[in-house]
Amino acid sequence: MTDEPLSAPADDDSAAHGDARIRGGARESAPPGRGAEAAAAGVMPLVAMIGGGQLARMTQQAAIAMGQNLRVLAGAPDESAAQVSADVALGSHTDLEALRRAADGASVVTFDHEHVPPEHLHALVAEGVTVLPPPEALVHAQDKLLMRSRLRELGAPVPDFAPVEDTADVAGFAQRHSWPVVVKATRGGYDGKGVWVLHSEDEAAEVVAAQRAAGTVLMVEEAVPWRRELSAMVARSPFGQGAAWPVAETVQRDGVLALALAPAPGISTDLASRAQQLALRLADELGVVGSMAVELFELDGPDGTPQIQVNELAMRPHNSGHWTQDGAVTSQFEQHLRAVLDYPLGDPSPTAPLTVTANVLGAAQAPEMSMDERLHHLFARMPEAKVHLYGKGERPGRKLGHINITGAFPGSPDDTAYTADVRERAERAAHWMSHAEWTDGWDGHADD
């Protein structure tokens with residue numbers, strides 16, 4: 001099992017001396033887009049982040065600590081990031097004029113989601129705006145079919161796949177690979193949306209007809225017999241410096257990430273290293289700048305040894321990296337800002353033997369107890385819990401926040417009992433915050 005951070009291979013001798021600029025040498029002037037006049041005046045740069053969700057909210061927290069200025073483009077003033085940001089541009093990410101307003105005066109434009117139309121991003125670049133990750137890279141996180149095709153060209157391990165025009169395409173693919181198969185919308189899907197696991201041609205006909213009628217472009221891929229899901233979080237700067245956090249194990253429920261455990265329990269040194277190096281190579285080959293999550297399947301190879309396949313890419317901070325806020329020297333949010341501003345990247349080393357993130361997902365019926373009172377009780381019973389709430393209204397399945405629990409020293413994620421304890425505490429805290437129920441049956445008023 002490895003918990004060592006990795007950096008991208010050096011092209012010169014600077015890495016041997018600890019130079020933060022591992023690839024391309026040191027920066028000799030202000031990076032592109034930062035603005036010589038602002039730099040000369042001692043003004044800190046302005047980052048514009050497209051999207052007003054929880055990722056932008058947590059990036060804002062990192063920006064404040066770093067003394068940076070972060071503007072968010074939000075759809076409404078009550079969106080998660082807009083609640084905590086002094087500089088908010090209101091408008092849609094699909095509106096080019098709104099994007100221009102957000103970008104006005106910014107050193108760089110970046111994202112908390114991948115849903116900005118590529119043509120708008122190319123228009124901004126043509127107007128002299130620095131967009132990171134660049135549109136040519138981001139498109140591989142926007143279009144799953146394009147991503148699969150490019151990764152195959154790069155020799156990355158991916159499930160077999162094919163484009164879908166009609167039901168016959170799905171049936172023919174299933175004949176070659178057997179049912180079930182996975183049909184996906186090539187754009188726009190997330191958290192289990194836009195994904196269908198199909199077991200027969202009749203099911204395929206129903207899904208394909210409905211989605212094609214709605215104008216959805218589809219693809220099909222083989223259903224991978226995975227052991228578990230992993231996430232390799234990395235970051236890359238404009239000049240190619242790279243850093244990798246320990247590989248995390250992720251647990252999905254109903255298509256939504258419920259847990260992340262980092263470092264991944266029981267992962268071999270070899271497999272962890274392969275996953276990290278694959279993620280760093282993909283970031284480099286695709287020209288990514290910023291934080292990136294490479295979501296992976298772990299599966300048995302032909303000889304029974306563990307193998308990995310790429311499932312998804314996210315070129316931004318990601319739910320599977322929330323553990324870094326309380327379990328790593330540098331969080332994914334700080335690292336994203338460092339990368340897009342071309343500061344030297346921070347140390348991704350873990351600060352605890354194991355950190356578990358448990359998402360607070362809205363209950364089927366919101367509890368009568370207020371969120372404030374739930375938080376009070378949680379802190380009273382579990383003072384070690386690190387709570388991150390997003391300022392969202394409660395509804396079933398909605399991501400309302402997350403809990404990070406760090407394991408104490410000494411300990412190891414390869415110790416089953418140790419891992420089970422940290423995981424149970426994280427899940428107990430998250431369930432309490434969403435349901436106002438203790439999963440272990442504890443009643444704080446039993447002796448009253």
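Visitor: Which residues does lysine 184 touch, not counting residues up to four places away in sequence?
Guide: Lysine 184 touches Lys144, Arg148, Gly194, Val195, Trp196, Val217, Leu218, Met219, Glu221, Asn311 and Glu312; contact means heavy atoms within 4.5 Å. Please note that this is a predicted model, in which local features need pLDDT of at least 70 and side-chain atom pairs count only at pLDDT 80 or more, while totals for chains, interfaces and linings use all residues. Residues are numbered from 1 along each chain as its sequence is written, and side-chain values use heavy atoms, with hydrogens and water left out.

Visitor: Is lysine 184 buried or exposed?
Guide: Lysine 184 counts as buried because its relative accessibility is 5%. Buried means under 20% relative accessible area, exposed over 50%, and partly exposed in between, with a 1.4 Å probe and protein chains only.

Visitor: With which side chain does the side chain of lysine 184 make a polar contact?
Guide: One such partner is the side chain of glutamate 221, at 3.0 Å. The side chain of glutamate 312 also makes a polar contact with that of lysine 184, at 3.2 Å. A polar contact is a pair of N or O atoms within 3.5 Å; within protein, one must be able to donate a hydrogen and the other to accept it, and residues adjacent in sequence count only if both atoms are side-chain atoms.

Visitor: What does UniProt list for "binding site"?
Guide: The unreviewed UniProt entry lists Lys144, Lys184, Glu221, Glu222, Ala223, Val224, Glu229, Asn311 and Glu312. UniProt positions are given in the numbering used here, feature names are shortened, and annotations may be inferred rather than shown by experiment.

Visitor: Where does glutamate 312 lie?
Guide: Glutamate 312 lies in strand E15, residues 306–314. Helices (H or I, at least four residues) and strands (E, at least two) are DSSP runs, numbered from the N terminus. Glutamate 312 is buried, with a relative accessible area of 16%. Leaving aside neighbours within four places in sequence, its contacts include Lys144, Met147 and Val294.

Visitor: Back to lysine 184: which strand is it in?
Guide: Lysine 184 is in strand E7, residues 181–185. Five bridges join E7 to the antiparallel strand E9, residues 218–222, where methionine 219 is the bridge partner of lysine 184. Two strands pair if DSSP finds at least two bridges between them.

Visitor: What is the order of the open sheet of four strands?
Guide: The order is E6-E9-E7-E8, with antiparallel pairing. Strands E6 (161–164) and E8 (195–198) stand at the edges, each with a single partner strand, so one side of each is left without a neighbour in the sheet.

Visitor: Which residues of helix H7 are buried?
Guide: In H7 (residues 167–177), the buried residues are Thr167, Val170, Ala171, Gly172, Phe173 and Ala174. Their cover includes E6, E7, H8 and E9. At the start of H7, a side-chain oxygen of aspartate 166 reaches to within 3.1 Å of the backbone nitrogen of alanine 168.

Visitor: Changing topic, which residues touch the most other members of the largest nonpolar core?
Guide: Of its 54 residues, these are Leu151, Leu282, Val294, Val310 and Met315. Helix H9 (residues 269–286) gives the most to this core, with nine residues. A nonpolar core is a set of buried Ala, Val, Leu, Ile, Met, Phe, Trp, Tyr and Cys residues joined through side-chain atoms within 4.5 Å.
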